[in-house]
Amino acid sequence: MRETERDGAAGAKEAEVAAIERAMVALRRSAARRTLARRAARQGGRPVPEGAAFDVLDVVEAAEERGEPAGVREVADALRVDQPRASKLVAAAVQAGHLRREADQADGRRTLLAVTPAGRERLEAAHTFRRSVVARVTRDWPAAERAAFARLFTRFMDDFGAANGPSGED
């Protein structure tokens, strides 16, 4: 490969990395502004559960799907908050009836969290709405592009999570 081709390839890679970084910032800002919840409200649909208290449900559901136990420590790690904040969020979800506490059969000193039927309903409402937005955004994409994006975005997020460690530290 000639030097000019190498420089061109390096420049293209740099531009692609920059485009990905800009997209990540836009996605983070959108999430921080709770864009999906506002969109649901504008459309007059059921309110989409959101906020830090709802994020606890997402964390516990993901742990259940992986077959892993989830307690306050796992919630704190996943949400990148301290344990007292995670405890408050968990307590609010328990009080709302979306989570229940269960004794850890392997360690009686530990309490695990489980999604209740009411919590499952809230999660399903959120999944349904989020998926409808993704379907709407990608409706004009060719099937092959949608499949490639799903594969590559999932791979990117898996690799990004692995690069940042279990609780987001570098």
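This short talk goes through the nonpolar core and the aromatic pairs of the structure above.

Please keep in mind that this is a predicted model, in which local features need pLDDT of at least 70 and side-chain atom pairs count only at pLDDT 80 or more, while totals for chains, interfaces and linings use all residues. Residues are numbered from 1 along each chain as its sequence is written, and side-chain values use heavy atoms, with hydrogens and water left out.

Let me begin with the core, by which I mean a set of buried Ala, Val, Leu, Ile, Met, Phe, Trp, Tyr and Cys residues joined through side-chain atoms within 4.5 Å, where buried is under 20% relative accessible area, exposed is over 50% and partly exposed lies in between, with a 1.4 Å probe and protein chains only. The largest such core has 19 residues, and Val56, Val60, Val75, Val90, Leu99 and Leu113 touch the most other members.

Now to the rings of Phe, Tyr and Trp (its six-membered ring), which pair if their centres lie within 6.5 Å, and which count as stacked with planes under 30 degrees apart, edge-to-face over 60 and tilted for the rest. The count by this rule is three aromatic pairs. One of them, Trp141 with Phe149, is edge-to-face, at 5.5 Å centre to centre and 80° between the planes; Trp141 is partly exposed at 30% relative accessible area, and Phe149 is partly exposed at 43%. Phe156 and Phe160, by contrast, are stacked, at 5.7 Å and 25°, with Phe156 partly exposed at 28% and Phe160 partly exposed at 35%. Finally, ring pairs link Trp141, Phe149 and Phe153 into a cluster.
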